[in-house]
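The entries follow in the order in which I made them.

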Amino acid sequence: MDVKYMNPFIIAAQVVFKTMLGIEVKMGKPILKQSKQTSGDITGIMGLAGDQRGTLCVSLRKEGALHVYNTLMGDRCNEINEDVIDAIGELTNIISGQARKEFEKSNINLKAAIPMVVVGKDVETNFITTLPIVSLPFYFSVNGGNEEVMYLDFSFEY
Amino acid sequence: MKVLVVDDFATMRKIIKNVLKQIDIETVTEAENGKQALEILKNEKVDLIISDWIMPEMTGIEFLKACKEDENIRKIPFIMVTAEAQKSSVIEAIKSGADNYIVKPFTPEKLREAIEKARAKVVQGLGG
């Protein structure tokens, strides 16, 4: 995997979490996934088109998604509901936008669609591209210590 | 001052409303896309429009162009708040008549500053 495809997503995750949530994320080791199943409990999915065709998934476990929602909205939500689903959709949208801005610096112009959100573990997603899928884990602390993770899973046609 | 907030995500509409509340603007009307927003503008007097770009039914850029073609609403200040950060998008929006362009993710201060500028314009009678 050429780093020019990875770096925009790394920068996007860091910038979006820092700016909108005041959270520093720490990237873990990238994984090459051989399955099309979602990595977390709630996942925003967005198709990318333009100079390259690809798919981006933003996936969080329940606790991570609730922490993101509660931090963003100043709320105290304990369950994944419509509001949390909406927030993860918008998070996907914003991460995609920031990543596309970074891709532009490498002369790769991408257009995005409206994201959709799926709730549930191991949901098979319809990546338009072939395997493998690159999965970037980003770790962050919630509620004073527990570690949560957001996965940015993506693949492109070459 | 009445603000029309247009975004297909309720999360972003709430975030924008919270920023508006911080600067004592509590008269807010909402729409989920450009088409709904145009309907609202037919019936309600609005002083400022804050709109997303990528939305179903009618996108923000189509909505902006429709506003600028309508003699009755073309002077209402229009702030685009969007994840579309590419240069070509910013240029297209500004050329189409957007008064300000804010890229998501944004800090509340950045949005507040843009709203304050638009409000000053309204107070001076340059908008609406």
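Entry 1, chain A. I looked up burial and found that 41% of the 158 residues in chain A are buried (20 or more other C-beta atoms within 10 Å of a residue's own; exposed means 12 or fewer, partly exposed in between, with C-beta atoms placed from the backbone). I note that this is a predicted model, in which local features need pLDDT of at least 70 and side-chain atom pairs count only at pLDDT 80 or more, while totals for chains, interfaces and linings use all residues. Residues are numbered from 1 along each chain as its sequence is written, and chains are lettered from A and ligands numbered from 1 in the order in which they are written.

I listed three helices and eight strands in chain A (DSSP runs numbered from the N terminus, helices being H or I of at least four residues and strands E of at least two). Along the sequence I read them as α-β-β-β-β-α-α-β-β-β-β. The radius of gyration of chain A, 14 Å, is close to the 15 Å of the globule rule for 158 residues, so chain A is as compact as a globular protein of that length (the radius is taken over C-alpha atoms; the rule is 2.2 Å times the number of residues to the power 0.38).

Entry 2, the sheet of chain B. I traced five strands in an open, parallel sheet, ordered β2-β1-β3-β4-β5 (strands pair if DSSP finds at least two bridges between them). β2 (27-31) and β5 (100-103) of chain B are at the edges with a single partner strand each, so one side of each has no neighbour in the sheet. Between β1 (residues 2-6) and β3 (residues 48-51) of chain B I found four bridges; B:Val6 has B:Ser51 as its bridge partner in β3(B).

I checked its length: 13 residues at 1.5 Å a residue should span 18 Å, and the end C-alpha atoms of α1(B) are 18 Å apart, which agrees (the expected span is 1.5 Å times one less than the number of residues). Among its buried residues I noted B:Ile15, B:Ile16, B:Val19 and B:Leu20. Just after α1(B), B:Asp24 has a positive phi of about 60°.

I found 16 residues of chain B in contact with 21 residues of chain A (C-beta atoms, placed from the backbone, within 7 Å). Helix α1 (residues 10-22) of chain B gives the most to the chain B side, with four residues.

Methods
Two residues are in contact if their C-beta atoms, placed from the backbone, lie within 7 Å.
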